[in-house]
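Colleague: Hello! Could you walk me through this structure, one question at a time?

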Amino acid sequence: MERFYHSVTLDVDKCVGCTNCIKRCPTEAIRVREGKAIITPERCIDCGVCIRVCPHHAKKAKFDHLELLNRFTYNIALPAPSLYGQFRHLDHIDLILTGLKRLGFDDIFEVSKAAELVSDATRKIISQGNIPKPIISSACPAIVRLIRVRFPDLCAHVLPLHAPMETAALLAKEEAHQKTGLPTEQIGVFFITPCAAKVTDIKSPIGTTVSHVDGAIAISEIYNQLADVMKHIEQAEPLSQSGVIGVGWASSGGEASALLNDRYLAADGMENIVDILEGLEEERIQGLDFVELNACTGGCVGGIFCIENAYVAKARLQSLRRYLPVAKNHLPAQIPSYMKWTDNLEFAPVLKLSDNLEEAMDMMNRIDSMCQEFPGLDCGACGAPTCHAFAEDVVCGLADKSNCIFVMKEEIKQVTDTLSHMTHINPPLQNKGKIQNHKTQQIQGNYEKNQS
Amino acid sequence: MSFLPLHFTVSGYDFTCAGEASSKVKNKLKQLGYDSEAIRRAAIAMYEGEINMVIHGGGGEIFVEVYPDHIDIKMADKGPGIENIEQAMQEGYSTAPANVRALGFGAGMGLPNIKKYTDSLRIESEIGKGTTIYMTVQVNHS
């Protein structure tokens, strides 16, 4: 496991060094240095905001391709429910699932199926009361990572259950092993992902040591092929095994409303999320049992690998699930241990200035007084998102004060003032010449006087 | 002892800005690596104080001194002053106007919460002149 693996990367050739990404990153993880954006790996939470806001398409996310299926004997697709909202004029989920099989998958295990089990388990955890309330959903990997680096007090509130993708992977492998007799190493399980954070979550999971998912294929990567094969399906196989609850997880509010408890809050979009988390931390927001947070606007249907607008996809999902039963999957009395996190969520203080408190205080003093010297425009021309972040960089030795164009202008003014002052001072040698001339004139004058 | 001085101005009757100062202090304490329990207590107490300054005090000034082992917070307003401090300290006692209560504030928990979350609290108030509260949160570095 790589602790700081990231799916979000930069295409150096396309980056023009503008300020769009640095200004919007929720963890201030990006700086522009020598005309190119640089992502600090310790701070990045793979939320994908920078990919969305880059007008030059210089930010990308890594994902796996269908060729990876060749490595395994038996392959299972784990479609995220957000995939179902990407197709026009679709009247049954089975058509998509049959289409996935035509693309080369041997079987399908819907993530929405596991989502119904997670909803069941969450209801049990809420009623047990062992986790401090409100319990915060752990389904969005970007949110879990945001809490890990910015909200130490909220780590204990995070639902200690694997996201539906992980539980789906484990169950799919087990089922396929029973069915085919193949060892699990020969069974490939692929998540059809709406977002980059899930790719990261597979390579560098939280709450467990190794993910059971073998690869994540972007919805946008297979969309064309899938839409094409779907056109030629005459009879779809009856593959869908989830209800309203499972499919509802695709958009914001779906997970929370599945708890059948009205003491919940569901928020989406990074700026709203930060506001809610700050409010929870300061106990300004109270009286809730459950908080569902999705980094992407609209929820998973707003993921960066989705083709369709989040709200259009949400509307389609509403009509797709109209005739589905509430839920098709239920847990036994106890929550199976494979659904639970084995490790606790631990705070990673990546924003801390120094391990030595005295030094940290001294640094902060210097940062605050340095901020007074900056114009406070947060223009980003220095490569940092705000004047304050820039002062931090200078004090931490990562930037030079003269990178601020206003400081540099002041420095240039001082230099020109000095130069202009110097032009009014005559060097002594030049003065000596003048005096000599003066004397010469005097002598000459005297001579002329004597002559007359 | 060296400390980090912080200063904020709170504008009165503007709920949209209430909580800004406590949020800034909280983020600074996190960057300094303070114990999260101490950060939480300081932030909540300060937030309650800020709300009081907005509802009753017509705004004012906040002076924070961050020491390695404790945080001193002084919140001063030029509001109407508190007539009976003992009564104001009781849970549920409120003089907040109806429009403020309609927003969900003014439940009479401000000062009691400040007392609950701080290690020492002193209130100086003079009718017609204003109120100044001094609070301290002790820090145990784990």
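Modeller: Gladly; what follows is a set of questions and answers on this predicted model.

Colleague: Let's start with the sheet in chain A: in which order do its 4 strands lie?
Modeller: The sheet is open and its strands pair in the parallel sense. β6 (107-108) and β9 (215-218) of chain A each pair on one side only, which makes them the edge strands. Read across, the order is β6-β5-β8-β9.

Colleague: Which residue of β8(A) stands opposite A77(A)?
Modeller: Strand β5 of chain A covers residues 74-79 and is joined to β6(A) by 2 bridges, with A77(A) opposite I108(A) there. Towards β8(A), β5(A) pairs over 6 bridges. In β8(A), the residue opposite A77(A) is F190(A).

Colleague: And going on to β9(A), which residue stands opposite F190(A)?
Modeller: β8(A) and β9(A) run parallel and are joined by 4 bridges. In β9(A), the residue opposite F190(A) is G215(A).

Colleague: What about E237(A) and K101(A): how many residues apart in sequence are the parts they tie together?
Modeller: Their side chains meet in a salt bridge at 3.1 Å, N to O. E237(A) has a relative accessible area of 30% and K101(A) one of 23%. E237(A) sits in the loop between α8 and α9 and K101(A) in helix α3 of chain A, so the parts they tie together are apart by 136 residues.

Colleague: In chain B, is R40(B) buried or exposed?
Modeller: R40(B) forms a salt bridge with E37(B) at 3.4 Å, N to O, and both lie in helix α2 of chain B, about one turn apart. E37(B) is partly exposed, at 37%. R40(B) has 18% relative accessibility, and the cut-off for buried is under 20%, so R40(B) counts as buried.

Colleague: How many salt bridges does the rule find across the interface of chain B and chain A?
Modeller: The contact takes 26 residues from chain B and 21 from chain A, and the area buried between them is about 2000 Å². In chain B, K30(B), Q31(B) and L32(B) lose the most area to chain A. One pair is E281(A) with K26(B), at 2.7 Å, N to O. Across the interface, the number of salt bridges is 6.

Colleague: Finally, in which helix of chain A is I412(A)?
Modeller: I412(A) is part of a nonpolar surface patch with L377(A), I405(A), F406(A) and M408(A), with about 460 Å² of accessible area together. I412(A) itself is partly exposed, at 48%. Its helix, residues 405-423, is α15.

Technical notes: Residues numbered from 1 in each chain as written. Chains lettered and ligands numbered in written order. Predicted model: local features only at pLDDT ≥ 70, side-chain atom pairs only at ≥ 80, totals over all residues. Heavy atoms only, no water. Patch = residues over 30% accessible without salt bridge, like charges linked within 9 Å, V, L, I, M, F, W, Y side chains within 5 Å. Areas by Shrake-Rupley, 256 points an atom, 1.4 Å probe, with all protein chains shown as cover. Salt bridge = Lys/Arg side-chain N within 4 Å of Asp/Glu carboxyl O. Buried < 20%, exposed > 50% of the residue type's maximum accessible area, 1.4 Å probe, protein only. Pairing = 2+ DSSP bridges. Contact = heavy atoms within 4.5 Å. Buried area = accessible area lost by both parts, 1.4 Å probe.
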